[in-house]
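My notes follow in the order I looked things up.

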Amino acid sequence: MRLSGPAFGATYIGLCLLPPVLAFGVSVAPLDIWERAAAALGMVGLVAMAIQFVTSGRFEAISGHLGIDKIMAFHKIAAWWVLIALILHPLAYVAPTWLDDPALGTERLLAYLSLPHYRTGVVALAALLALVITSILRDQLPWRYEIWRATHIVLGLTAVGGGVHHALGTGRFSAMGAVNALWWVLAIAVIAVMAVLYGWRWIMLHRHVWTLASVTKLADRMWELDIQPAKDTPAPPYTAGQFVWMTEGKHRFPLFDHPFSIADSPKRPGLSLIIKEAGDFTNQIGDLPPGTVIGIDGPYGEFTLARHQGDSVLLLAGGVGIAPIMGLLRDLVARNDPRPVRLAYAAGVPANFACLPEINAAARALDLQVMLVSEEDAEGWRGHVGRLTHDRLGTLLEGLDPHRAVALICGPGPMVTAVSDALLDLGVPKDKVIYERFDYSGGASRLDRQRRWGFVGIGAGLALVVGGFALAP
C-alpha cells in the first residue's frame, strides 16, 4: 500500500494530533493559555520529529506514490517547523513571566536550560539544532558522506530519545495514562524503524547476494555496471526508471549504501547502473573488479512510465541523469512501444555524452527523435550548443499534442527547474511533468512552489492544533 499525497498529509496531521487529543482527558493543575500552547508545541513537535525517521525516502509505503523529490522536500521543510516548535516550547512557558518582568522571565528561562530536571530536553533541542545546521552545511563540511550520515542518525536518535525522556519525566500531561503510553509506543516505533533500516536490511544485503559482472566506461568519468544476482537471489520486481541503494564488498551495511538509478529494462536479467564519478564512493567505481560482491536494496521511486501515462513520451536528461532515461528508453525498445518518443540529452561538453550509439540504434525500433545539446562546442561536434531552452523544447514537441504528452526529466537542479517550467509554458499538464534531480542548487520550479503550498497547509494544520489546545477550557 502506498499513501497518496492527500492521504499522507491527513495521516501526518492525524498522528501529530494524537497527544493533544489524548491530553484533553488528563487532569492537571490549571494552566494559562501560554502554558497550554507550550505543552502542545512540545507534544506535537516530538511526534513530528519521530515521523522524520520514515520520511527519508527509505519506506516505499510512505514515498512510493509521492516520489523521492516530493518526500525529500517535505522532509526538509518539516525539519524546520519541528525545530521552530521545540524552540518555542520553553519560550512559551516563560512568556507570561517575561512580559510582566523581563529580568525574571530571563532567569526562569535560564533555569529551564540549566536545571538537571530539564537536562534531557535541553540535550534533545541541542541535538536537533545541530542536526538541522549540519544538514544545511552538508556540502561545505569536510566530511565523507558516510560520516555525515552517521552523525545525522546519531543526532536524530539523541533528539528523539532525549525528547521522550523529557516528556515522560517533566510533562504535565505525560505522567500517566494514554499520553504516557503514547511516548512509550513512539520510542518503540523509532527503535523498530532503526531495526528495519539497519538490522533487517543488513541481513537482506548478506542473504540476497549480487555480483559485479562487468564495468564499462561510457564517457568521461562515467561507468556502466552490469550486476547479476547470485543463484539463490530473487530478482527485484522493479519498473524501468526506479532506483536502488547499492553497497559493495565488505561495506555491505546500510550506512554505506548510495542511491543509483536503474538504467535497464526488467525484461533483461540483472541490473545495469550508470554511475558518474562525483564523490568519495563513486570515484572508485571504475576500479571495482568483476566478481565484486554487491548489495542491492530496492527498488524505490515512482519515476516511471508505468505510473504516468501519456500518448507521447518526452525523455529529458542532463549529465548523469541519462541513467534512468536509458532505463526507460531500453524498456520502450524491449516492449516495442508504438508511441512517439522524443529524447533530449544535455551535457557540459561532447566528451560527457554516454550511450549515443545505443540511442541512435533505438530509432530503428521506436518512433524516436533525438536532440543533443552541449554547453560547450568542440571540434567535430554536430549537435546543438548552449542550453535546453524553451525554443528547443518547442521544437522537440513539434507534431505532438503537449496536452497528451508525459515528460520525465532527470538531471542537475538548474536544468530540471528550467526545463519543467518551460514544459508547463508549452502546454504539458503539470501532473505529466515528472522529475528527479541529483542536487537542489537550481532553486524552486513552479511545481515545487505549488507543492510547498501543500506543505504549508500541513504546517498550518499543526498550528491550528496547537492553537486549539491552548484555547481549550
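For the size check I took the radius of gyration over C-alpha atoms, and my globule rule is 2.2 Å times the number of residues to the power 0.38. I kept in mind that this is a predicted model.

**Overall**

I started with the size. For 473 residues the rule puts a compact globule near 23 Å, and the protein has 25 Å, so the two agree. I then looked at the extent of the C-alpha trace, which spans about 80 × 50 × 40 Å along its principal axes.

How much of the chain is buried? I got 51% of the 473 residues. For the accessible surface I noted about 21,400 Å², with 63% of that belonging to carbon and sulfur atoms.

I also checked how far along the chain the contacts reach. Taking contacts with a separation of 6 or more, 73% are between residues 24 or more positions apart.

I have 38 positive and 39 negative charges down for the protein, and their mean positions are 4 Å apart.

**Q242**

I went to the loop between β2 (222-229) and β3 (243-248), where Q242 sits. Is Q242 buried or exposed? Its relative accessibility is 4%, and the cut-off for buried is under 20%, so I put Q242 down as buried.

What does the side chain of Q242 reach? I noted two backbone atoms. One is the backbone nitrogen of T239, at 2.8 Å. Another is the backbone oxygen of G301, at 2.9 Å.

**A50**

My second stop was helix α2 (residues 33-51), which holds A50. A50 has a relative accessible area of 7%, so this one went into my buried column as well.

Which residues is A50 in contact with, leaving aside its neighbours within four places in sequence? I listed V160, L186 and V190.

A50 and A470 are 420 residues apart along the chain, and I read 23 Å between them in space, C-alpha to C-alpha.

Methods
Residues numbered from 1 in each chain as written. Predicted model: local features only at pLDDT ≥ 70, side-chain atom pairs only at ≥ 80, totals over all residues. Heavy atoms only, no water. Buried < 20%, exposed > 50% of the residue type's maximum accessible area, 1.4 Å probe, protein only. Contact = heavy atoms within 4.5 Å. Areas by Shrake-Rupley, 256 points an atom, 1.4 Å probe, with all protein chains shown as cover. Lys, Arg positive; Asp, Glu negative; His and termini not counted. Charge placed at Lys NZ, Arg CZ, Asp CG, Glu CD. Helix = DSSP H or I, 4+ residues; strand = E, 2+ residues; numbered from the N terminus. Polar contact = N/O pair within 3.5 Å; in protein donor to acceptor, adjacent residues only side chain to side chain.
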